[in-house]
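Student: Could you walk me through this structure by question and answer, one topic at a time?

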Amino acid sequence: MATPSDERAAGHRTHGGDPDSASPPDPRPASIKGRPVLGFGGPNSGSGSHDGQSALKLHRGISVLAFLLCVLVTVVFLMDGALVPAIVFAVVALACVGIFAWTTTQLRGARHG
């Protein structure tokens, strides 16, 4: 039976904490408020924390700006007669609406939950 120091010498990696454990420890603390916010990490990454609320508000604002820019580009492509790029940017604009709706739902759920 190989000891942990033998495994390290042979090039095997052990993950933090217990040298005999093969799986990495969960980096999130057990006290995260709400659901984890996508695109945001750290110890306070839950949607109920102050950092999570700020991240959701930032994501919501970015989705509004992205929607406005996509609509502008779609109109320009339609005026130019290029239908395929106009459809592509219209689909991206719809995705921005979806992201806006998701972040708004997460914000409301975190406030009331």
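The questions below go from the whole chain to single residues.

Tutor: This is a predicted model, in which local features need pLDDT of at least 70 and side-chain atom pairs count only at pLDDT 80 or more, while totals for chains, interfaces and linings use all residues. Residues are numbered from 1 along each chain as its sequence is written, and side-chain values use heavy atoms, with hydrogens and water left out.

Student: Which element has the highest mean pLDDT?

Tutor: The term pLDDT stands for the predictor's confidence in each residue, from 0 to 100. For the protein the mean is 77, and 55% of the residues reach 70 or more. Among the elements, helix 1 (residues 4–9) has the lowest mean, 57, whereas the highest, 92, belongs to helix 2.

Student: What distance does helix 2 reach from its first C-alpha to its last?

Tutor: The expected span of a helix is 1.5 Å times one less than its number of residues. Helix 2 has 31 residues, for which 45 Å is expected, and the model comes close to that, with a reach of 45 Å.

Student: What share of the residues in the protein is buried?

Tutor: A residue is called buried under 20% relative accessible area, exposed over 50% and partly exposed in between, using a 1.4 Å probe and protein chains only. In helix 2 the buried residues are Gly 52, Gln 53, Ala 55, Leu 56, Ser 63, Cys 70 and Thr 74. Of the 113 residues in the protein, the buried share is 19%.

Student: Which residues does Thr 103 touch beyond those up to four places away in sequence?

Tutor: Thr 103 has its place in helix 3, and it counts as buried because its relative accessibility is 0%. Contact means heavy atoms within 4.5 Å. With residues up to four places away left out, Thr 103 touches Leu 56, His 59 and Arg 60.

Student: Why does Gln 106 count as buried?

Tutor: Gln 106 lies in helix 3, and its C-alpha atom is separated by 9.1 Å from that of Gly 48, 58 residues apart along the chain. Gln 106 is buried because its relative accessible area is 11%.

Student: Which residues is Phe 89 in contact with, leaving aside neighbours within four places in sequence?

Tutor: Phe 89 lies in helix 3 and is partly exposed, with a relative accessible area of 30%. Phe 89 and Val 71 are 18 residues apart in sequence, with 7.3 Å between their C-alpha atoms. Leaving aside those neighbours, the contacts of Phe 89 are Cys 70, Val 73, Thr 74 and Phe 77.

Student: Is Leu 94 buried or exposed?

Tutor: Leu 94 lies in helix 3. Its C-alpha is 7.7 Å from that of Phe 67, although Leu 94 and Phe 67 are 27 residues apart in sequence. With a relative accessible area of 61%, Leu 94 is exposed.

Student: Which helix supplies the largest share of the nonpolar patch?

Tutor: The patch consists of Val 64, Leu 65, Phe 67, Leu 68, Val 71, Val 75, Met 79, Val 97 and Phe 100, with about 780 Å² of accessible area together. The largest share, seven residues, comes from helix 2.

Student: Why does Met 79 count as exposed?

Tutor: Met 79 is found in helix 2. Met 79 is exposed because its relative accessible area is 70%.

Definitions and conventions
Patches are made of residues with over 30% relative accessible area and no salt bridge: like charges are joined within 9 Å, nonpolar side chains (Val, Leu, Ile, Met, Phe, Trp, Tyr) within 5 Å. Accessible areas come from the Shrake-Rupley method with a 1.4 Å probe; for residues, only the protein chains shown count as cover. A salt bridge is a side-chain nitrogen of Lys or Arg within 4 Å of a carboxyl oxygen of Asp or Glu. Helices (H or I, at least four residues) and strands (E, at least two) are DSSP runs, numbered from the N terminus.
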